[in-house]
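My notes are below, in the order I made them.

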Amino acid sequence: MTRPHKPAREGGADAEPEKRRAILHAAVRVFAEKGYHGCRIADVARAAGVAYGLVYHYFRNKDELLESVFAEQWAILMNAIQAIDEGPGTASDKIAGIYGFVFDVYKTAPAAVRVLILEVTRTTHALRAGSTRETFERAVKLVADVVRQGRDRGELRPDVDPVVSATAILGALELAVSGMVVGLVPARTEEEIDLAKHQATELVLGGLRVHGPTSP
């Protein structure tokens, strides 16, 4: 979920943070291309255009580099979900907005999504002890808030549990995107990605809306 950044001015006050970001963005590309276990710090330094030792100036080892990649990309996602939650629209609009954000990021930054899906979540000790629950708990709380508001306003079914719904919404989103990453779900073109986004969104909303599809 990498965003574009301005190059630092030579010797400017923010040169160091820019170099750190350059290393993180290079790590996303290298992890996506070679996998966490297949890449070396030297590969990241080469891709970032910095000296080998500079990577160790910011990160103790490859584990910390991967953890930092996750923290940056996850923060972008959390900020987007929070902005959607606080913005206008019905609960259905907001859930569709969350799905739309993630699928659209896959269009523009598939490498970042690939690292989050294949490397971070499946690499032992990628997150420090105790951080996993806190990290994902925030996501569940944000989405549960969207569901709760929709339920209280009569937009969603009155019997839905916000937390159960939030975990189902996020779980379905992760697996749909995972399917694209590993090639099970067609995602070679923007049209295919949009189709997957539309179907995944409608399937989730169909179970939440007051007037959702009836069973045969």
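**Ground rules**

I am working with a predicted model, where local features need pLDDT of at least 70, side-chain atom pairs count only at pLDDT 80 or more, and totals for chains, interfaces and linings use all residues. Residues are numbered from 1 along each chain as its sequence is written, and side-chain values use heavy atoms, with hydrogens and water left out.

**Overall fold**

I looked up the secondary structure first. The protein chain has nine helices and zero strands. Helices (H or I, at least four residues) and strands (E, at least two) are DSSP runs, numbered from the N terminus. From the N terminus, the order reads α-α-α-α-α-α-α-α-α.

Next I checked burial. Of the 216 residues in the protein chain, 45% are buried. Buried means under 20% relative accessible area, exposed means over 50%, and partly exposed lies in between (1.4 Å probe, protein chains only).

I then looked at contacts, meaning heavy atoms within 4.5 Å. Among contacts with a separation of 6 or more, 70% join residues 24 or more positions apart.

**The core**

Which residues have the most contacts inside the largest nonpolar core? I found Ile23, Phe31, Leu65, Phe103 and Val177, in a core of 65 residues. Helix 4 (residues 62-86) gives the largest share of this core, with nine residues. A nonpolar core here is a set of buried Ala, Val, Leu, Ile, Met, Phe, Trp, Tyr and Cys residues joined through side-chain atoms within 4.5 Å. In soluble globular proteins, nonpolar side chains tend to be buried together.

**Helix 5 with helix 8**

The axes of helix 5 (residues 91-108) and helix 8 come within 11 Å and cross at roughly 20°. Axes are lines fitted to C-alpha atoms, for helices over the stretch in contact, and angles run from 0 to 180 degrees between N-to-C directions. Helix 5 and helix 8 are therefore roughly parallel. The cut-offs are under 35 degrees for roughly parallel, over 145 for roughly antiparallel, 65 to 115 for roughly perpendicular, and oblique for the rest.

From helix 5, Ile95, Ile98, Tyr99, Val102, Phe103 and Tyr106 meet a set in helix 8 that includes Leu173, Ala176 and Val177. Ala, Val, Leu, Ile, Met, Phe, Trp, Tyr, Cys and Pro count as nonpolar, Asp, Glu, Lys and Arg as charged, and the others, Gly among them, as polar.

**Helix 8 with helix 9**

Helix 8 (residues 162-181) and helix 9 (residues 190-206) pack at about 155°, axes 11 Å apart. The pair is therefore roughly antiparallel. Ile169, Ala172, Ala176 and Met180 in helix 8 meet Ile193, Ala196, Ala200 and Val204 in helix 9. The contact of helix 8 with helix 9 holds eight nonpolar, no polar and no charged residues. An α-helix has 3.6 residues a turn, so residues three or four places apart point the same way.

**Helix 5 with helix 9**

Helix 5 and helix 9 also pack at about 155°, with axes 10 Å apart. They are therefore roughly antiparallel. The contact of helix 5 with helix 9 divides into 10 nonpolar, three polar and five charged residues.

**Phe103**

I went back to Phe103. Leaving aside neighbours within four places in sequence, Phe103 is in contact with Leu173, Ala176, Val177, Met180, Ile193, Ala196, Lys197 and Ala200.

**Single residues**

Is Thr201 buried or exposed? Thr201 is buried, at 7% relative accessible area. Thr201 sits in helix 9 and touches Ala96 and Tyr99, not counting residues up to four places away in sequence. Thr201 and Leu173 are 28 residues apart in sequence and 8.5 Å apart in space, C-alpha to C-alpha.

Thr167 lies in helix 8 and is partly exposed at 42% relative accessibility. Its C-alpha is 8.3 Å from that of Ala144, 23 residues away along the chain.

Asp161 is in the loop between helix 7 (131-152) and helix 8. Asp161 is partly exposed, at 40%.

Last, helix 2 (residues 41-48). Its buried residues are Ile41, Asp43, Val44, Ala45 and Ala48. Gly49 follows helix 2, with a positive phi near 70°.
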